[in-house]
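Please view the structure below before reading on.

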Amino acid sequence: MPTDPYAWIEPSLATIHQANWYRSVQTIQSRPGATVVLEGREVINFASNDYLGLAGDERLIEAAVGAAKEFGTGATGSRLITGHRQLHRELESAIASLKQTEDALVFSSGYLASLGAIAALVGGRDLILSDQYNHSSLKNGAIVSGATVIDYPHCDVADLKNKLGQHRQQYRRCLIITDSVFSMDGDLCQIPYLLDLAEEFSCMLLVDEAHATGVLGKTGAGCVEHFGCSDRTLIQIGTLSKALGSLGGYVAGNATLIDFLRNRAPSWIYTTGLSPADTAAALAAVKIVQQEPLRRARLWRNVGILKNLLRLPNLKLLPSESSILCLQLNNAAEALKMGQKLKDAGIFAPAIRPPTVPTSRIRMTVMANHEPVHFQRLLEALMEG
Ligand code: PMP
């Protein structure tokens with residue numbers, strides 16, 4: 001009798017439950033904002049990536065509706081066949097202007113931008129050095145590329161230098177990959193040091209600006225701008241789905257790189273172009289980022305307010321230089337309990353636990369449209385019981 005080849009799935013799922021690693025979705029029933037309706041109840045939202053509050057902005061909605069009416073709902077094909085619109089180029093020029101790069105290329109998500117760029121840049125004869133806390137999109141891009149991947153300890157530039165000294169020469173090309181804002185901790189990668197190392201060891205550097213785009217830097221260009229490195233050569237990746245309030249991803253860099261990716265990045269060539277609505281919404285968002293620095297100022301004012309409130313002896317606030325703030329807890333069960341307690345008090349700030357992160361925590365994201373009363377309510381809920 002042949003055995004059931006799917007029989008292993010149920011016990012595997014049971015182990016996920018036993019380890020407290022089981023996840024399920026929760027339904028948001030309102031427009032995005034500082035408060036949302038979560039499963040029938042209004043809650044204060046500390047779980048969104050919509051840092052500038054643009055995902056519910058009328059101007060983005062109107063741009064999306066207008067583009068859908070004019071160009072339809074779908075791009076109908078890959079960009080190289082029938083999926084290319086003038087809107088895509090306008091968005092790519094706007095991103096290049098924001099990032100101060102020669103050009104940019106828009107992908108259907110940030111995840112696909114990482115997969116495609118990394119797989120195009122390196123292969124079997126090459127080496128990738130990857131920060132151990134990198135986002136899944138970078139890690140999977142590294143695997144898909146077929147290059148040899150060596151992780152270095154989180155933000156440990158000295159260890160990275162040692163590893164480059166030890167291994168660089170045995171490989172054809174070398175690519176260093178890192179998040180710029182680490183998504184589950186909120187700390188920053190020290191881009192200037194990585195650029196120096198990349199130069200010294202003749203490596204390419206790819207930085208994921210997902211949580212920095214629109215948020216960090218004087219003009220909102222990201223962490224590369226924050227560190228004053230916009231004029232140096234590197235590959236920048238990001239998403240249109242966080243501070244830009246839409247959907248999609250991008251790679252920004254010099255014109256030759258972008259032209260090469262258009263010919264070699266499988267996740268760009270073989271997938272449908274970004275929809276007209278998403279493209280137009282992202283384009284409207286980039287313009288707002290450039291024209292309304294006050295939004296970013298409000299976001300940073302709010303980050304300061306919350307950081308000050310959370311500096312209490314019984315709370316373990318992880319070091320952060322971004323709009324992501326985390327409170328460390330002792331284990332997954334404690335984090336889940338705290339997440340539930342907050343939810344009961346009308347606060348949406350989820351528990352994040354292994355295997356997503358090495359240690360359990362409550363992760364809070366700050367938005368430009370949070371009000372002081374939202375932070376006060378969060379603090380009261382944290383201190384209760
Ligand atoms: N990089 C990082 C650091 C992220 O946090 C995310 C989204 N969670 C992505 C890439 C993927 O972006 P997207 O949602 O556009 O696929």
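Where is the place of Glu 39? Glu 39 is in the loop between strand S1 (35-38) and strand S2 (41-45); strands (E, at least two residues) and helices (H or I, at least four) are DSSP runs, numbered from the N terminus. This is a predicted model, in which local features need pLDDT of at least 70, side-chain atom pairs count only at pLDDT 80 or more, and totals for chains, interfaces and linings use all residues. Residues are numbered from 1 along each chain as its sequence is written.

**Backbone features in loops**
- Glu 39 is not a glycine, yet its phi is positive, near 45 degrees.
- Glu 39 is exposed, with 10 other C-beta atoms within 10 Å; a residue is exposed at 12 or fewer such atoms, buried at 20 or more and partly exposed in between, with C-beta atoms placed from the backbone.
- Thr 76 also has a positive phi, about 70 degrees, and lies in the loop between helix H2 (58-71) and helix H3 (86-99).
- Thr 76 is partly exposed, with 14 other C-beta atoms within 10 Å.
- Pro 354 and Pro 355 are joined by a cis peptide bond, with omega about 10 degrees.
- Pro 355 is in the loop between strand S12 (351-352) and strand S13 (361-365).

**Helix H4**
- H4 has 12 residues, of which 11 are buried, so H4 is largely enclosed by the rest of the structure.
- Among the buried residues of H4 are Tyr 111, Leu 115 and Ile 118.

Conventions. The expected span of a helix is 1.5 Å times one less than its number of residues.
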